[in-house]
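Good morning, and thank you for coming. Please look at the structure on the screen while I describe how some of its parts are arranged.

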Amino acid sequence: MVEALRELLPIFAAAYLLDCVMRVGPSEVLFSSAGGRRFRLCGPGFHLGGALPAARAYSAQRLPLLLAPQGAFVPQFPALFGAQLSSAECYRFAPYEEMEVAADEERLVLGDAGTLTLLCRQESARVAELLRKLARSSPPARGREIEGFLAARFDRELVASTAEQANAAYRPLERLGTTLFALLFVALPVAVYVPEPSPAPAAVLLAAAALNYTTLAVLAARAARRLRGHGIVAPRGAVAAICMFPPAAVHAAEGLGRHALAAFEPVAAAAQLLPREEVLRLARFELHAADHAAESGDAAWRAAWALRRHELLRLFGHAGIGIDEASAPPLRRDAAAHGYCVVCEAEFVQPLERCPECEAPLLRYT
Ligand SMILES: [Zn+2]
């Protein structure tokens with residue numbers, strides 16, 4: 001047995017490290033924390049998540065649709081970036097009553113208006129439900145409906161209580177995950193790789209790990225069910241991964257909690273999870289996008305942005321960020337720089353109109 005374990009443990013450790021790699025989709029942002037406290041923001045691509053049981057990761061996605069009482073603006077491309085987000089030509093207008101709405105897993109199918117990919121199937125079902133409701137309502141009732149929906153998406157206190165509920169449910173898994181980690185990746189290698197090992201300690205450690213793992217898988221399924229009862233997303237796929245792949249059980253809390261904040265805007269999640277400087281960066285971009293968008297488009301386009309801007313300002317108010325502070329330029333790093341890009345924060349010495357990287361109109365330092 002010891003010989004077999006000597007061969008298997010490196011494969012097991014490699015599988016665990018592979019499981020720590022997280023893919024972030026093109027329109028997704030990820031708040032990741034190795035110890036569950038200090039979060040950092042990760043953009044699209046592959047990221048090494050937390051390898052320890054206390055790690056947490058929350059995905060968020062800007063609502064790709066822009067909602068106005070007259071209808072919805074549907075993005076023409078799978079993911080819009082920078083200046084595209086506030087450019088009317090990157091969207092297609094669709095009146096609610098003409099939309100053929102269907103939710104297919106995480107895809108939201110809107111008939112001729114296009115198809116969107118949301119973070120998870122719960123989110124696509126929720127947005128589909130809203131669009132059907134809007135199609136049945138009168139325009140004044142639609143305004144109130146959209147306001148209520150957006151108010152919840154931008155509600156920082158709701159983000160805090162949802163994250164706390166998820167955290168409390170997954171904390172017991174964190175303790176069991178720590179024990180499993182210690183058994184599999186510390187005690188077992190010591191017992192197996194010592195010169196002249198005896199099979200008895202390795203067998204005891206394996207039995208303890210198996211018991212710990214079984215308990216963890218049962219508790220994970222229960223915690224996920226309880227959270228679903230409170231309307232918090234806890235994917236069945238993550239529970240299945242824990243049941244089929246023991247390394248995933250070590251950081252079960254991270255996998256299970258990934259979509260807990262799927263119903264919120266990234267800027268609202270940021271206001272709760274990130275340091276103030278980082279929140280200000282997002283706030284600056286969001287406010288600039290809303291102001292830039294309001295300069296063009298028809299009445300429906302401006303109404304959609306006015307609704308979004310209203311909720312943004314309310315969020316900033318709750319987060320203690322004044323509008324002057326959110327509109328203020330970032331700290332100038334190069335004294336010779338004239339302007340900066342509000343999206344990527346690059347500075348420009350040349351008098352350019354647009355950022356060569358992300359096409360966003362440049363702002364001037366004052
Ligand atoms: Zn840029």
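I begin with a definition: an angle under 35 degrees counts as roughly parallel, over 145 as roughly antiparallel, 65 to 115 as roughly perpendicular, and the rest as oblique. The model is a predicted one, in which local features need pLDDT of at least 70 and side-chain atom pairs count only at pLDDT 80 or more, while totals for chains, interfaces and linings use all residues. Residues are numbered from 1 along each chain as its sequence is written.

Let us turn to the helices. Helices (H or I, at least four residues) and strands (E, at least two) are DSSP runs, numbered from the N terminus. Axes are lines fitted to C-alpha atoms, for helices over the stretch in contact, and angles run from 0 to 180 degrees between N-to-C directions.

Helix α5, residues 199-229, packs against helix α6, residues 236-244, at an angle of about 175°, and their axes are 9 Å apart. The two helices α5 and α6 are therefore roughly antiparallel to each other. On the α5 side the contact (C-beta atoms, placed from the backbone, within 7 Å) involves A217, A220, A221 and A224, and on the α6 side V239, I242 and C243. This contact of α5 with α6 comprises seven nonpolar residues, no polar and no charged. Here Ala, Val, Leu, Ile, Met, Phe, Trp, Tyr, Cys and Pro count as nonpolar, Asp, Glu, Lys and Arg as charged, and the others, Gly among them, as polar.

How are α3 and α11 oriented to each other? Helix α3 (residues 139-153) and helix α11 (residues 299-318) pack at about 40°, with axes 10 Å apart, and are therefore oblique to each other. Their contact uses I146, E147, L150 and A151 of α3, together with L307, R308 and E311 of α11. It divides into four nonpolar, no polar and three charged residues.

Next, the strands. An open sheet of three strands, in antiparallel pairing, has the order β9-β10-β11; two strands pair if DSSP finds at least two bridges between them. Its edge strands, β9 (102-104) and β11 (115-117), each pair on one side only. From one strand to the next, the twist averages 20°. Three bridges join β9 to β10, residues 107-109, and V109 in β10 is the bridge partner of A102. Across β9 and β10 lies helix α2 (residues 121-136), which runs at about 175° to β9.

How values were computed:
Contact = placed C-beta atoms within 7 Å.
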